[in-house]
Amino acid sequence: MAKLKKMTDVVVIGDGIAGCLAALAARNRRADVIIVEKSQPGIRHGNTAFCGGALRRVSKEYPAEKYFADIMKVSQGQADKELTKITIRNSRRAKANLSRLGIRWTAPTSNPGRADSVVGKGVRLAPALRRAVRKAKIPILYQTRVKDICFSSDSLTGVSVRTSTGRKIIPCKAVVMATGGFQANRKMVTEHIGKGAHRLVLRGYKQSTGDGHRIATKLGAHLVGMEGYHGGIIHYGYKKFPEVGEVKGMRSVKKYEPGILVNRLGQRFVDEGEDTADKTYAKFGRLIALTQPGGIAYLIFDSKVKHHVDPMYDGPEKGPIEAITIEKLAKKLSLAPAKLRHTIEELNRAVSDGRRAQLTPPKSSFAQSIDRAPFYAYTVTGGMTFTFGGIEINANAEVLSQTAKVVPGVYAAGEVTGGFFYNNYPAGSSLTRCAVFGEIAGKNAAKFARRKSQ
């Protein structure tokens, strides 16, 4: 096995947002840095390139206390409190760092939690980050797959990689793992998320196969929260016509709260008004794909909200499916007309009588009758964007072992890490997590390398 002669301070694995910001942070502290990336340079790669670009951050209208409460609510109290607070505390800094790299932002939306979105989404964000890396004279070794992180006498010595010319060792003093999730590894997905996971439509990068999870496990790292993932309610067209998502990326259905979700039996199965869509779309997508017959559902609404509901899909059979009566709509959806009629009449009575909380399931908020023709529907399913589970890290982004000890010289950031999200996901918070801990990992890896040189 060939061994490169020059010792590098920090090797970063992965050139997504976490990896690029880790590399830049290390270089800003005068470290020699190399990024290794298994993908080809000329194609869209990494989940950063497929993301929607929303960055949840603290503002006057969205204080840290509200941000923290949102994370704790959707995670049912399971999110690591220290890591969450660090993410929130540094969220404005994360936006400022990206702005300094030339990232531009959309105007604030009505939702203060995710008021900032990258202009051009991930399609623009990923190349901008890589341009910043090149400007900092940090080499990116493409089509280079990391096989192992090497130790000798409990001291990190380098990373073992495979390239088109064979296996090599890159000597280094510290490593930052930023390899993304395991959502494209069907074996791991089925093992950790469940047998229904095969129904999920992969929304992100098709080579996020859990390489970092595998390498970390060999090092004795502790993996946490492996059963969770971020997905969303997506238009069924993305599954039927996958080439649409491959070209443009897959967006989640938005503003569905006034409608109802029914399954193939014509029955509601979730409280569509549990919270605003940005805090429920991930959870509902999971419920549809993993628990409902055939892994599909139908979003039903009427003409009062036709221009409110947004399928976020521009491919064939965009819809919506339209009919002048509920019975005719049911037939177009291959549902039993009497069952769909009963479900909608039950909803309408509850809205009229103020008993929406007594429905099964309830309709906590956004409840309104479905009674103004024409009637509409979108067929929807669940998509998977990235997995929640991964390497346990501490506040310094150091990788922790099964016994909660630090693995010396090894850091991790981004979607390869666990402990941040459980059960559900508030939109825009992963991009923030990746940016914040990418910087922390790079900074501390550079410090470790400097100490090792002394």
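This is a predicted model: local features need pLDDT of at least 70, side-chain atom pairs count only at pLDDT 80 or more; totals for chains, interfaces and linings use all residues.
Residues are numbered from 1 along each chain as its sequence is written, and side-chain values use heavy atoms, without hydrogens or water. Local features need pLDDT of at least 70 and side-chain atom pairs count only at pLDDT 80 or more, while totals for chains, interfaces and linings use all residues.

**Exercise 1.** Describe how α2 and α3 pack.

Solution. Two packed helices are described by the angle between their axes and the distance between the axes. Helices are DSSP runs (H or I, at least four residues) and strands are runs of E (at least two), numbered from the N terminus. Axes are lines fitted to C-alpha atoms, for helices over the stretch in contact, and angles run from 0 to 180 degrees between N-to-C directions.

Step 1: α2 (residues 64-74) and α3 (residues 81-89) pack at about 140°, and their axes are 10 Å apart.

Step 2: Angles under 35 degrees count as roughly parallel, over 145 as roughly antiparallel, 65 to 115 as roughly perpendicular and the rest as oblique. The pair α2 and α3 is therefore oblique.

Step 3: Contact means heavy atoms within 4.5 Å. From α2 the contact uses Ala-64, Tyr-67, Phe-68, Ile-71 and Met-72, and from α3 Lys-81, Thr-84, Lys-85 and Ile-88.

**Exercise 2.** Find the angle between α4 and α13, and classify it.

Solution. Step 1: α4 (residues 91-100) and α13 (residues 429-453) pack at about 80°, with axes 9 Å apart.

Step 1: These two helices are therefore roughly perpendicular.

Step 2: Ser-91, Arg-93, Ala-94 and Asn-97 of α4 meet Thr-432, Ala-435, Val-436 and Glu-439 of α13.

**Exercise 3.** Which residues of α6 are buried, and which are exposed on the other side?

Solution. Buried means under 20% relative accessible area, exposed over 50%, and partly exposed in between (1.4 Å probe, protein chains only).

Step 1: In α6 (residues 186-193), Met-188, Val-189 and Ile-193 are buried. Viewed down the axis of α6, these residues fall within an arc of 100°, so they line one face of the helix. The arc is that of the directions from the helix axis to the C-beta atoms.

Step 2: Lys-187 and Glu-191 are exposed on the other side of α6.

Step 3: The buried residues of α6 pack against α7 (211-218), β12 (229-235), α10 (281-291) and β16 (375-387).

**Exercise 4.** Locate Ile-324 and name its contacts beyond four places in sequence.

Solution. Step 1: Ile-324 lies in the loop between β15 (321-323) and α11 (326-332).

Step 1: Apart from neighbours within four places in sequence, Ile-324 contacts Ala-373 and Phe-375.
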